[in-house]
Amino acid sequence: MGLSTVAIIGRPNVGKSTLANRCCQSREAIIHDQPGVTRDRTYQRGFWCNREFNVIDTGGIVFNDDSEFFPEIRNQANIALQEAQVAIVVVDGQQGITAADEGIAEFLRGHKCPVLLAVNKCESPEQGLSMAAEFWSLGLGEPFPISAIHGAGTGDLLDKVVSYFPNEKAVASSDEQPIRLAIIGRPNVGKSSLLNTICGENRSIVSPIRGTTRDTVDTYVERENHRWQLIDTAGIRRRRSVDYGPELFSINRTFKAIERSDICLLVVDAIDSVTEQDQRLAGRIEDEGRACIIVVNKWDAIMKDSHTMATMEKDFRNKLYFLDWAPMIFISALTGQRVQSLFSIAKIVLEQYRRRVTTSVVNEVLKEAIGWRSPPSNRGGRQGRIYYGTQVATSPPSFTLFVNDPKLFGETYRRYIERQIREGLGFEGSPLKIFWRGKQQRDAERDLSRQHSYLNNH
């Protein structure tokens, strides 16, 4: 991305994620009083002394335990150190030097990356100097007493950090805003494997253990002449299965990732088919008004013939009927089959999501729809009338239809109009929002005449 990078490393529960959030003035990194909450390396943007830079938060390094995710966490820390211009090693000033701190200091001597030592949890200047003094013995240079939670001492630390960056102000490779692509799904459907296949590296830790991914992991790639921001998210289980703690925080960040995305890749398991939880996630994507591609993963594990794909697609679409507008692709994150095709589909979906059509074209479609099927009447014989429609927004495409009385238009006829708009105008991969507004006929005709006059004069 053309920006300098600082990596934050250390043993578990010394305040690395708190410091990352402090450097970036954010709450993106999950903070909880439990070892091993952070596992993948996560990226945020920091800003200090007129310099913008990347901040990599890493999981807690443990050398004497090869269980669960600790070997992968060490590997992620190694990658972060290779990418960074400078690293911040965080230690706990209240606990003092531990064997784990000494092990990390020895580990860092095998890396070329410059190191700054941050002694965290020094809540007052008087405490800080005395707490930090003993850490000289680690041989990592001058200890900086800080309080990541309150901000004390972090300014001096960041002054030193930016001094390691190149003198020239870093410039991003492009002014174009990246297209935000969120990878959404329940646990163990292959979201992190998909991200790793796209990137060609172990960007996220992959494990058969449910709940491996906790933070949302942002990665930037260039595909189809566009910059893409890929957001790997935590798998979401049923609400009653989730306890308060890291998993709940992960789910909240996944929901925020849906909100800040342009397109959601809803990953489902070809072996398990569509579950109730998949349906809930699909409903969440639709409610948030986000474009969507349904990604059926683990296609390599399916015994198939020439009819399997068509049969499976029909079954999946019946269960995800409210996303009938979303394209579906069958992939294998393990073998890479069709993975790169996702970007060409996503590019088309994004164009539809941001597309705007003129009022005259909208009304041509509405006129044809009404010609095929007249609006319904109520028991008193009063018939619904659609005066005109216009597109009022994009992302997602939104339309307002002015009618004599919205109550005369039941759900069946409203769905019919939406289908006709899609058939006439497209919008594949994008949800539509249609607002039905009551209006007097003469007011509607006057407004439509004004719109035509404005378009003719401009």
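Visitor: Is Trp-436 buried or exposed?
Guide: In this predicted model, Trp-436 is buried, with a relative accessible area of 11%.

Visitor: And what about Phe-409, buried or exposed?
Guide: Phe-409 is buried as well, at a relative accessible area of 3%.

Visitor: How many aromatic pairs are there in the structure?
Guide: The structure holds 10 aromatic pairs. One of them joins Phe-409 and Trp-436: the ring centres are 4.9 Å apart and the planes stand at 35°, so the pair is tilted.

Visitor: Which parts of the chain does that pair tie together?
Guide: Phe-409 is in the loop between strand S14 (398-403) and helix H12 (411-425), whereas Trp-436 belongs to strand S15 (residues 433-438). The pair therefore ties together parts that are 27 residues apart in sequence.

Visitor: How are the rings of Tyr-413 and Tyr-416 arranged?
Guide: Their centres lie 5.4 Å apart with the planes at 45°, so this pair is tilted. Tyr-413 and Tyr-416 are three residues apart in helix H12, which means that about one helical turn separates them. As a general point, an α-helix has 3.6 residues a turn, so residues three or four places apart point the same way.

Visitor: Are those two tyrosines, Tyr-413 and Tyr-416, buried or exposed?
Guide: Tyr-413 counts as buried at 4% relative accessibility, and Tyr-416 counts as buried at 7%.

Visitor: Which residues do the ring pairs link into a cluster?
Guide: The cluster consists of Phe-409, Tyr-413, Tyr-416 and Trp-436, linked by ring pairs.

Visitor: Changing topic to charges over rings: where does the charged end of Arg-223 sit?
Guide: The charged end of Arg-223 is placed over the ring of Phe-343, 5.6 Å from the centre of that ring.

Visitor: And where does Lys-304 lie?
Guide: Lys-304 is over the face of Trp-299, at 5.0 Å from the ring centre.

Visitor: Now helix H11. What span should its 14 residues have?
Guide: Helix H11 covers residues 359-372 and, at 1.5 Å a residue, should span 20 Å. The C-alpha atoms at its ends are 20 Å apart, which agrees.

Visitor: Which residues of H11 are buried?
Guide: Thr-359, Val-362, Asn-363, Val-365, Leu-366 and Ala-369 are buried in H11. Seen down the helix axis, the buried residues of H11 fall within an arc of 155°, so they line one face of the helix.

Visitor: What is exposed on the other side of H11?
Guide: The exposed residues there are Glu-364, Lys-367, Glu-368, Gly-371 and Trp-372.

Note on methods:
Residues numbered from 1 in each chain as written. Predicted model: local features only at pLDDT ≥ 70, side-chain atom pairs only at ≥ 80, totals over all residues. Heavy atoms only, no water. Helix = DSSP H or I, 4+ residues; strand = E, 2+ residues; numbered from the N terminus. Expected span 1.5 Å × (residues − 1). Buried < 20%, exposed > 50% of the residue type's maximum accessible area, 1.4 Å probe, protein only. Arc of directions from axis to C-beta. Phe/Tyr/Trp six-rings, centres within 6.5 Å; stacked < 30°, edge-to-face > 60°. Lys NZ or Arg CZ within 6 Å of the ring centre and 35° of its normal.
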